[in-house]
4 protein chains.
Amino acid sequence: MAAHRFTPTLLHNTIGPHSPVLTIASGDTVTAATADAHGFDVNGVQIADRPNPMTGPFFIEGAEPGDALLITIRDIRMTRPTGWTFDVLSPNVVDPAAVIRFPARTKTEWLIDTGTGRARLAAPPPSLVNWSVSIEPMIGCFGVAPELGQAMSTATSGRYGGNMDYRGFGPGVEVMFPVSVPGALFFLGDVHACQSDGEIVGTGIETAAEVTFTARVLKGLKIGWPRGMNESEIFTIGNARPLDQALQHATTEMLDWLMTDYGLDEVAASHVMGQNVRYDVANVFNPAYSVACRVSKEALAGLR
Amino acid sequence: MAAHRFTPTLLHNTIGPHSPVLTIASGDTVTAATADAHGFDVNGVQIADRPNPMTGPFFIEGAEPGDALLITIRDIRMTRPTGWTFDVLSPNVVDPAAVIRFPARTKTEWLIDTGTGRARLAAPPPSLVNWSVSIEPMIGCFGVAPELGQAMSTATSGRYGGNMDYRGFGPGVEVMFPVSVPGALFFLGDVHACQSDGEIVGTGIETAAEVTFTARVLKGLKIGWPRGMNESEIFTIGNARPLDQALQHATTEMLDWLMTDYGLDEVAASHVMGQNVRYDVANVFNPAYSVACRVSKEALAGLR
Amino acid sequence: MAAHRFTPTLLHNTIGPHSPVLTIASGDTVTAATADAHGFDVNGVQIADRPNPMTGPFFIEGAEPGDALLITIRDIRMTRPTGWTFDVLSPNVVDPAAVIRFPARTKTEWLIDTGTGRARLAAPPPSLVNWSVSIEPMIGCFGVAPELGQAMSTATSGRYGGNMDYRGFGPGVEVMFPVSVPGALFFLGDVHACQSDGEIVGTGIETAAEVTFTARVLKGLKIGWPRGMNESEIFTIGNARPLDQALQHATTEMLDWLMTDYGLDEVAASHVMGQNVRYDVANVFNPAYSVACRVSKEALAGLR
Amino acid sequence: MAAHRFTPTLLHNTIGPHSPVLTIASGDTVTAATADAHGFDVNGVQIADRPNPMTGPFFIEGAEPGDALLITIRDIRMTRPTGWTFDVLSPNVVDPAAVIRFPARTKTEWLIDTGTGRARLAAPPPSLVNWSVSIEPMIGCFGVAPELGQAMSTATSGRYGGNMDYRGFGPGVEVMFPVSVPGALFFLGDVHACQSDGEIVGTGIETAAEVTFTARVLKGLKIGWPRGMNESEIFTIGNARPLDQALQHATTEMLDWLMTDYGLDEVAASHVMGQNVRYDVANVFNPAYSVACRVSKEALAGLR
């Protein structure tokens, strides 16, 4: 159960079969620095290119195809007092005819005050001078090398994880990924200080960070899509366009989970899900959208 | 500010320009009985046909095209100790290939215990004998006569409201509909004792009820889609297929709301929404899906 | 087998249970005048409002719910030398980000020369002075009263037909609609002198016309969606958003057709369709999109 | 203008930055053998794994990022007298509720008779004993290495081409791909003896073949998506889910083409497209669907 520190020099814009930067044992904890979505580090120096340069990959000993990799997000520390966002809603989240009146988007700076826990625009328009948002850090992009030897742009996501941009991926959460290559090859980066559902301006508050995570191999656990747990809920993630399909993947994965782990058949699992499921629209901006299907642990009381 | 009681005899399967059953003043309160989605009343007697037979319409004096109708849901009382659901996930919410293994759906009875606040299956399979759900009543279908003299099936929804099946439509919520005809012609019905996000088995726990609501005319308030407020949030509803389009309608309506009422331009409104919006997948089953776009009142602090 | 002439005075903006304007026998032929999509008649006089005012309904004796109504389009005559279109691609048919550069759309006049069979812009920009299009007239909106007593805007479409805007609906084509009310109540209008696939500027060349059609009742023929035949093909139409769903409806209806009329099971019908189906994107603009699923008669040779 | 012959030994299941198997000059012609979608060669020996193993990549001298690669398909020869298909419609192309009655799909053998130009089932059910289809060979999957160093599964497609499964990719067609890496790195395979629009059983008639193509570098021609030309038409291809988005990409690329090469502004190009565009649903089965947007050369007469 060793603890490691890692600061990247060469970051990756694809999630794929790259050479590991560090080999760790199952159960080890790593504190890793991450650059922001455009490659700027803690000092505001650009050390990598867009999109979403990744720290990693980390080789986890013992991980083999057919296993799952369990990542526990222990901490996300904002290490830079500034972040940035785009400044206008993404054209794909409003009625097509409404887009004609939109200005071209620009990058906007934010000030991140971890003391007060609030972020505010560095140069707000008059209407927003007294307005700020609560800091709720999350990991935008993380996952493991996909099957077939693919190398996928960090702009998108799939069964292997990737750029899911889900505000539920904050400190305390456990996430499982299906392993496709020996060592799993885990990547992470693209931390946001805050983000709406849907990532509807195309960004959260993008910033540099230090993430502390523990990686554990779950031998022989076959899963189809990322799964997760927090204090009160279990959840699954589906990544695809359109939203309907992302929701189908997440729902099917939850159905499989309840049938396998709770001994329910299709009908019993449907009863449980049909009165209890909650959905989050994680992102509706990236090449693949992401939907979370959640069930509270309380709703599962009385099963098994 | 009169109070009325109303028990329907002739229910409607379309929302349209039907003859009013009661004329009320703006500000009046009505307690109205509703049948379940297949037309069964408080006594389990079928008094109307599917789909979703409506109580009403109520003619609200002074309502004209170009106004909004504000409905405050004061109370929803379960009046029958039984409800029903379908028993298998709807084929459209899971991966298409997973549907091949599904059994045909059947109607399943539930017992609703308003004393304990729990509902349970009348004849549970062994895996669910110790399992129940919390009662959280909501209105599945309500709205006003649409434009153009249309009469729309109560299976679907649109700008006028309709079968939105949103679990957020519970007691204490205020909802606004755009008025298209004199008197607005307000309909309601299809109460659920409980429902997941998405209505993913195709039903909530369908039952008969008594709903108490207050109707008020908001003169000259032009809105494009249903809007609402609860204790902590404001929200908008978009109704369309696919989910992407329902989300676009809801997001555009929220953008218009923030720009009109909070004096924000596109960029300022985008900043507010881009870090604060929450989405609910209300239903992903009906001919039109429904998505809610929510913003907390706290997130609007400091504006205006 | 009587022949009728009909010129409308009161046109309808919904397809629903309106009072018949003419009662005809099965097998009768009608020549009916139609106004353009904004209600302008042969003389350019506005006699009705948008959207797509309908001529009709025609009550066909003997038609009952559960039958199909077969309409043979015998002739479509352009009766006005002018038509109009919108002048810029609809925002929903291009990449969302491309919409920002689009000008607002305006109505543009065209000159229709039935002598040469060509239509040209009345006031072309320099780049189009030598450019014209071939006239290929079609019916944009036609169908029968839908089920449940619904009255549907003529902007949209469904199982009952409606605003399908399919360029395949020209002279010589036979189209079947599922009958939901006694007499079927057949409506028609919205003739185009020409149109692309998809109706991607939101219009064809909209004009007034005279349409000659024969109506015949097919007793006991249950169909789910409009079906049609021309010289070389049979086809089905699905109407829904998004395109994927419209395609699903059309494909399922073709599958049912081949299984019922050609004695094929799912596998045999899949073989026939899997190597032979052709799709047309009829419209990708209206509230419901329309997709045609076509199979050539030649591809069916050797069956039965 | 050399001519090469190439028979692969090591095939690829991703399109990416693999080592070239042959370096050719711009203008050279290659005759290359291809295995079928599951890796079976001309002799029915499995020489590679699924999905769609690729022959190549070919390094074209002089090709640089920012150029286009023009591939002329000169010939596609069926080299094996057998092919195979799946035997039931893909669940995603029919109404979700219809899937419940479908049998599980199996692989089915076909006999390909290049003498008669017909293909027939090797063991037809009674209903299909007298039925056959016309051979119209096409390339299912071809394209160039994508940007960012990505390696994409040959099951899917994108701006770089890939598994587009368009029956329009037959002999005589010219296709352009946007070059992202030096030498372009061109791959091809997955030949079909025949296929419907949409590839709705999930396959065409999959077989081994020899393809003869000429590769030419178009220096400085920036394109966003694959473009093509045949005797009578120009066309563009969009690859994405859902169909709506694939259609948007293809339509936007055609708009750009007409504006750049024909000197039209948005309005003039919209007039030309709005009355003339044709769409093909190339595939509605793969992870990315493909739509072709076509305009006949005749419709462009009088421009420029």
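Into which domains is chain A divided? In this predicted model, chain A splits into domain 1 (3-81 + 135-218) and domain 2 (227-300).

**View 1. Domain 1 of chain A meets domain 2 of chain A.** The C-alpha centres of these two domains of chain A lie 22 Å apart. Domain 1 of chain A gives 20 residues to the contact, and domain 2 of chain A gives 19 residues.

**View 2. The side of domain 1 of chain A that touches domain 2 of chain A includes residues from two strands.** Strand S13 (157-158) and strand S15 (174-178) of chain A each give two or more residues to this side. S15(A) supplies the largest share, three residues. By class, this side of domain 1 of chain A holds nine polar, seven nonpolar and four charged residues.

**View 3. Chain B contacts chain A.** Each side is listed by its count: 53 residues from chain B and 53 residues from chain A. On the chain B side, two or more residues come from each of helix H1 (243-262), helix H2 (266-276) and strand S20 (278-283). H2(B) gives the largest share of that side, nine residues. The chain B side divides into 29 nonpolar, 18 polar and six charged residues.

**View 4. A rotation superposes chain B on chain A.** The rotation is 180 degrees, with 0.0 Å of shift along its axis, and the RMSD is 0.0 Å. The two copies are therefore related as by a two-fold rotation axis. In chain B, Leu243(B) has the C-alpha nearest the axis, 3.0 Å from it.

**View 5. The copies meet through the same surface.** Of the interface residues of chain B, 100% are also interface residues in chain A, so the same surface is used by the copies.

Note on methods:
Residues are numbered from 1 along each chain as its sequence is written. Chains are lettered from A and ligands numbered from 1 in the order in which they are written. This is a predicted model: local features need pLDDT of at least 70, side-chain atom pairs count only at pLDDT 80 or more; totals for chains, interfaces and linings use all residues. Two residues are in contact if their C-beta atoms, placed from the backbone, lie within 7 Å. Helices (H or I, at least four residues) and strands (E, at least two) are DSSP runs, numbered from the N terminus. Ala, Val, Leu, Ile, Met, Phe, Trp, Tyr, Cys and Pro count as nonpolar, Asp, Glu, Lys and Arg as charged, and the others, Gly among them, as polar. Copies are superposed by least squares on the C-alpha atoms of residues with pLDDT of at least 70 in both. Domain bounds come from an automatic or database domain assignment.
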